[in-house]
Amino acid sequence: MEALREVEAELTVYVHPSNAADVPRAVSRQLSGLLFSYEERFDGVLLAHEAQLVDKDNKENATKEKDKKEAKIVEETEAKSNKKPQILKAKILNGLVPFFGVCVHANLLLFSPQPGMLLEGKVEMLGKESIHAVVLGVFSVAIMSDDIHEKFRFKRKSHGGRFLSRSDREHFIKRGTMIRFSVKSVDTEMNCHITGSLIPPHTGSMRWLSVHDAEYASEISSRWIQASKESRMNKNTEYSRMKIAW
């Protein structure tokens with residue numbers, strides 16, 4: 001999905017002294033507290049994270065150590081039995097409660113929708129004046145009547161009604177339909193509430209688009225090929241590991 005992006009970030013996480021015995025867990029808990037909420041510093045909603053503590057002194061010497069990689073491997077092998085725990089340095093803040101700041105290298109998965117992007121969501125509710133959907137099962141989308149293409153007309157039925165295309169009766173939108181829409185605006189104060197539109201091209205029912213829209217059909221095909229390649233690579237990796245273990 002276009003709005004999903006992976007980023008690497010250098011962060012300073014402030015940890016309470018009571019958590020000094022298990023700093024990695026404390027850092028993970030701090031980052032987990034930001035999940036599914038919009039963070040301006042990340043310009044998106046944090047969906048997942050993977051963090052690693054960083055020693056600044058070691059980081060500054062990383063370039064020099066890279067040139068001595070082979071020698072270092074030998075030394076580590078020889079000293080493996082006498083390996084000591086790594087000591088990380090942290091800056092302690094002055095005050096009544098002296099939190100200490102830990103440098104962290106984090107890989108973050110963010111949801112960052114922007115106007116003009118094409119996203120996909122599931123219709124949860126609809127009526128003559130609007131369509132309401134969710135993206136990734138979490139983020140709400142509202143498409144008002146002014147942003148629904150004029151080719152669609154609303155037809156009320158006992159089970160809630162549907163939007164039916166005037167040009168093709170096979171193209172319809174009802175509750176449970178997966179739709180592709182264009183992002184019109186994003187309200188970050190409401191945790192990325194999205195206002196969408198079904199007027200731009202390549203929008204509508206995903207099922208209908210997959211058959212009648214060449215561009216979207218090509219995109220789906222590319223996704224399927226990429227997913228198949230990744231699946232085969234993962235299977236080969238697992239098979240190799242099994243052979244080594246055997």
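**Rings and cores in a predicted model**

Trainee: How many aromatic pairs does the structure hold?

Mentor: This is a predicted model, so local features need pLDDT of at least 70 and side-chain atom pairs 80 or more, while totals for chains, interfaces and linings use all residues. Numbering runs from 1 along each chain as its sequence is written, and side-chain values use heavy atoms, leaving out hydrogens and water. Rings of Phe, Tyr and Trp (its six-membered ring) pair if their centres lie within 6.5 Å. The number of aromatic pairs here is two.

Trainee: Are the rings of Phe-111 and Phe-139 stacked or edge-to-face?

Mentor: Planes under 30 degrees apart count as stacked, over 60 as edge-to-face and the rest as tilted. The centres of Phe-111 and Phe-139 are 4.3 Å apart and the planes sit at 15°, so the pair is stacked.

Trainee: Which strands does that pair link?

Mentor: Strands are DSSP runs (E, at least two residues), numbered from the N terminus. The partners are 28 residues apart, in distant parts of the chain. Phe-111 belongs to β5 and Phe-139 to β8.

Trainee: How many residues has the largest nonpolar core?

Mentor: Such a core is a set of buried Ala, Val, Leu, Ile, Met, Phe, Trp, Tyr and Cys residues joined through side-chain atoms within 4.5 Å; buried means under 20% relative accessible area (1.4 Å probe, protein chains only). Phe-111 is among the residues with the most contacts inside it, as is Ile-131. The residue count of this core is 25.

Trainee: Which ring does Arg-162 lie over?

Mentor: For Arg, CZ must be within 6 Å of the ring centre and within 35 degrees of the ring normal. Arg-162 is at 4.6 Å from the centre, over the face of Phe-172.

Definitions and conventions. Helices (H or I, at least four residues) and strands (E, at least two) are DSSP runs, numbered from the N terminus. Buried means under 20% relative accessible area, exposed over 50%, partly exposed in between (1.4 Å probe, protein chains only).
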